[in-house]
Amino acid sequence: MGTASAVGAATLLTGTQAATSASAAPVAGITATDEKSARDAIRNVNTAMRTNYASLKSELIKQLSPVIVVQNNAVGGRFTLINGGRQIETVDPVPEYFELAKSIAHIPLGVYSVIAPYLSGQVPNITNAERIDPHDLDMIVFKAPGDKGWITPLNAYRATLNTAYTKLGTANLPTDLEASCDTILREAMSFIDASVKAQSFDMVSFNRFAATVYPAIRVNMTFAATAQINGLEALMKRWRTLIGETAWNDLYVTVLSIWTTAELNQASIIIRRTMNQMKVDTHLIDLPTVETPSDPVFVALDNLARIVQDNVAAEMVFNTDLKVADALKGEEDLLSDEILKQIGGTAPTARTAAFGGAASGACPITGRTAAV
């Protein structure tokens with residue numbers, strides 16, 4: 001449950017009382033020891049609840065089926081099928097040229113990563129100047145003006161680029177992909193050479209370089225997307241045949257991703273087309289994580305078990321208040337509405353539809369319904 005519900009409790013107190021009364025006034029004859037013992041007894045109620053809750057979740061994990069766990073990675077994703085309580089198969093189904101296309105497309109980011117601390121702390125008069133937060137820039141520019149520490153690592157990166165460039169023709173890439181990779185590599189080395197020769201660079205010169213290679217980057221993105229679609233759809237078709245149509249209709253999919261790829265996650269977009277469309281918005285679950293977990297399959301199943309048991313708990317525990325039931329089933333903290341009511345605020349963004357509840361702003365593409 002994560003957060004204990006106190007819905008309605010605040011109605012017993014005024015806002016002032018709730019804000020200022022950390023504890024009740026002392027009662028004659030009750031010692032501090034008595035009070036602590038009583039409060040510990042109350043805390044033990046929640047401890048026992050959490051123990052029972054964890055026990056249910058632990059057992060439920062073994063029952064979840066069928067489930068596909070998606071781990072986003074550099075090669076297009078790792079996918080694990082669980083059926084009948086067993087891990088059937090774990091595969092990386094995306095063709096290799098996905099990784100190769102993205103590797104070269106990332107070159108401008110690689111150059112930026114070296115030079116960023118040495119940029120000027122002032123946003124120049126460039127096209128997208130208003131989109132750059134001056135404070136963000138100030139945070140990332142932490143080298144002293146005139147510091148030449150960027151030259152050695154940038155030359156080292158150039159050597160890596162040059163090795164790839166000289167071997168590009170033997171990588172056996174599709175013709176258009178090879179041509180776009182050639183352009184990106186050549187332009188990047190040219191930018192590095194010019195910068196090293198001049199012993200300087202700036203945001204304007206980097207933006208010019210990035211704009212020059214962007215059309216080629218789009219070509220690489222097209223190839224990468226095609227590779228991922230083809231590889232993943234072929235895998236989904238094979239697994240659908242393997243477990244049968246009846247099981248597939250109830251398929252859960254949990255997609256683990258870091259925050260920067262959680263919204264409109266590419267795996268979610270592709271997989272949702274292969275699922276039972278009547279259940280996709282409640283059975284396709286994006287799980288943004290702080291970092292890639294050491295045991296992704298367990299993390300996915302642990303979260304899925306929590307979601308599934310909360311779905312039923314919500315309707316049973318809060319059967320007289322469906323809005324609170326939806327909060328338990330979704331991403332909202334159970335106290336969020338009450339807190340907003342007391343402080344006179346509104347939710348900062350539209351709420352995602354509750355898992356298993358009525359749609360109320362769920363993304364029509366990803367069907368994001370729950371988070372870690």
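These legends describe close-up views of a predicted model.

**View 1. The whole chain, with its secondary structure and confidence.** The chain holds 14 helices and five strands. Of its 372 residues, 37% count as buried. Residues 24 or more positions apart supply 69% of the contacts with a separation of 6 or more. The accessible surface comes to about 21,100 Å², and carbon and sulfur atoms account for 57% of that area. The average pLDDT is 86, and 85% of the residues score at least 70. Residues 1-21 fall below 50 in pLDDT. That stretch has 18 contacts in the model beyond near neighbours in sequence. Residues 350-372 are also below 50, with 72 such contacts. Where pLDDT is low, the predicted coordinates should not be read in detail.

View 2. Lys36 and Asp40 join through their side chains at 2.8 Å, N to O. Both residues sit in H2 (residues 32-61), four residues apart, about one turn of the helix. Residues three or four places apart in an α-helix point the same way, because the helix has 3.6 residues a turn. Lys36 is exposed, at 52% relative accessible area. Asp40 is partly exposed, at 25%. Arg43 belongs to the network of salt bridges that links Lys36 and Asp40. The whole structure contains 16 salt bridges.

View 3. The side chains of Arg158 and Asp193 form a salt bridge of 2.6 Å, N to O. Arg158 lies in H6 (residues 151-167) and Asp193 in H7 (residues 175-198), so the pair ties together parts 35 residues apart in sequence. Arg158 is partly exposed, with 22% relative accessibility. Asp193 is partly exposed too, with a relative accessible area of 34%.

**View 4. Helix H13 against helix H12.** H13 spans residues 322-329, and its buried residues are Val324, Ala325, Ala327, Leu328 and Lys329. These buried residues pack against H12. Lys329 also makes a side-chain salt bridge with Glu315, at 2.8 Å, N to O. Lys329 is in H13 and Glu315 in H12, so this pair ties together parts 14 residues apart in sequence. Lys329 has a relative accessible area of 7%, under the 20% cut-off, and so counts as buried. Glu315 is partly exposed, at 34%. Val317 also lies in H12 (residues 296-317). Together with Val312 and Met316, Val317 makes a nonpolar surface patch of about 310 Å².

**View 5. Arg238 and its contacts.** Arg238 is part of helix H8 (residues 203-243). Its relative accessibility is 41%, so Arg238 counts as partly exposed. Beyond neighbours within four places in sequence, Arg238 contacts Glu89 and Val91. With Glu89, the side chain of Arg238 makes a side-chain polar contact of 3.0 Å.

How values were computed
Residues are numbered from 1 along each chain as its sequence is written. This is a predicted model: local features need pLDDT of at least 70, side-chain atom pairs count only at pLDDT 80 or more; totals for chains, interfaces and linings use all residues. Side-chain values use heavy atoms; hydrogens and water are left out. Helices (H or I, at least four residues) and strands (E, at least two) are DSSP runs, numbered from the N terminus. Buried means under 20% relative accessible area, exposed over 50%, partly exposed in between (1.4 Å probe, protein chains only). Contact means heavy atoms within 4.5 Å. Accessible areas come from the Shrake-Rupley method with a 1.4 Å probe; for residues, only the protein chains shown count as cover. A polar contact is a pair of N or O atoms within 3.5 Å; within protein, one must be able to donate a hydrogen and the other to accept it, and residues adjacent in sequence count only if both atoms are side-chain atoms. Patches are made of residues with over 30% relative accessible area and no salt bridge: like charges are joined within 9 Å, nonpolar side chains (Val, Leu, Ile, Met, Phe, Trp, Tyr) within 5 Å. A salt bridge is a side-chain nitrogen of Lys or Arg within 4 Å of a carboxyl oxygen of Asp or Glu. pLDDT is the predictor's confidence in each residue, from 0 to 100.
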